[in-house]
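The following exercises are to be worked with the sequence and the coordinates at hand. Each task is followed by a solution in steps.

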Amino acid sequence: MSSPDATDRAGRLPVQLRHGARLVGRWATEDHQVVAVWQYTSIEDYNRIQSAVTADPDSARAQAHRATLGPLFTTMHETFMTSALPASPTPAAEAAALPSR
């Protein structure tokens, strides 16, 4: 069986990824909830990406397909978070700041 080419795989990626969002990861909790963490550079970036996702024809196709599957989840919750840590320097700047031996 041959593996799909990059174009085929890109077509099946979450639409958000194609518009600039970064999926940090998905986890299952002990009480069977699925948690997806998406990273955006700012709330403005989130709003821009969400607008692009909403306008993307693949979103409408995905929603129509999901409607044929029955309920996939009972509730959805969104929380916007900001880092509690200071912004970290780039790896090169971090390495340059290390004392030489």
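A residue counts as buried when its relative accessible area is under 20%, and as exposed when that area is over 50%. The model used throughout is a predicted one.

**Exercise 1.** Determine whether Asp 56 is buried or exposed, and locate it in the chain.

*Solution.* Step 1: Asp 56 sits in the loop that joins helix 3 (43-55) to helix 4 (57-67). Step 2: its relative accessibility is 11%, so Asp 56 is classed as buried. Step 3: leaving aside residues up to four places away in sequence, Asp 56 is in contact with Val 15, Arg 18 and His 19.

**Exercise 2.** Classify His 32 as buried or exposed, and examine its phi angle.

*Solution.* Step 1: the loop between strand 1 (22-28) and strand 2 (34-39) contains His 32. Step 2: the relative accessible area of His 32 is 73%, and the residue is therefore exposed. Step 3: the phi of His 32 is near 70°, which is positive although the residue is not glycine. Step 4: for comparison, most residues other than glycine have a negative phi.

**Exercise 3.** Assign Thr 82 to an element or loop, and state how far its C-alpha atom is from that of Tyr 40.

*Solution.* Step 1: Thr 82 belongs to the loop between helix 4 and helix 5 (91-97). Step 2: with a relative accessibility of 75%, Thr 82 is exposed. Step 3: Thr 82 and Tyr 40 are 42 residues apart along the chain, and 9.9 Å separates their C-alpha atoms.

**Exercise 4.** Describe the chain as a whole: its elements, its burial and its contacts.

*Solution.* Step 1: the chain has five helices and two strands, arranged along the sequence as α-α-β-β-α-α-α. Step 2: of its 101 residues, 9% are buried. Step 3: among contacts with a separation of 6 or more, 38% link residues 24 or more positions apart.

**Exercise 5.** Characterise the largest pocket by its volume and the residues of its lining.

*Solution.* Step 1: the volume of the largest pocket is about 2,200 Å³. Step 2: its lining comprises 45 residues, of which Ala 36, Val 37, Trp 38, His 77 and Glu 78 are the closest to the centre. Step 3: two or more lining residues come from each of helix 1 (6-12), helix 2 (15-18), strand 1, strand 2, helix 3 and helix 4. Step 4: by residue class, the lining holds 18 nonpolar, 18 polar and nine charged residues.

Key: Residues are numbered from 1 along each chain as its sequence is written. This is a predicted model: local features need pLDDT of at least 70, side-chain atom pairs count only at pLDDT 80 or more; totals for chains, interfaces and linings use all residues. Side-chain values use heavy atoms; hydrogens and water are left out. Helices (H or I, at least four residues) and strands (E, at least two) are DSSP runs, numbered from the N terminus. Buried means under 20% relative accessible area, exposed over 50%, partly exposed in between (1.4 Å probe, protein chains only). Contact means heavy atoms within 4.5 Å. On a 1 Å grid over the protein atoms alone, a cavity is a set of points where a 1.4 Å probe fits but cannot get out, and a pocket is an open set with protein on both sides within 12 Å along at least five of seven lines; lining residues have an atom within 4 Å of a point. Grid points are joined across faces, edges and corners, and a volume is the space filled by probe spheres set on the points. Ala, Val, Leu, Ile, Met, Phe, Trp, Tyr, Cys and Pro count as nonpolar, Asp, Glu, Lys and Arg as charged, and the others, Gly among them, as polar.
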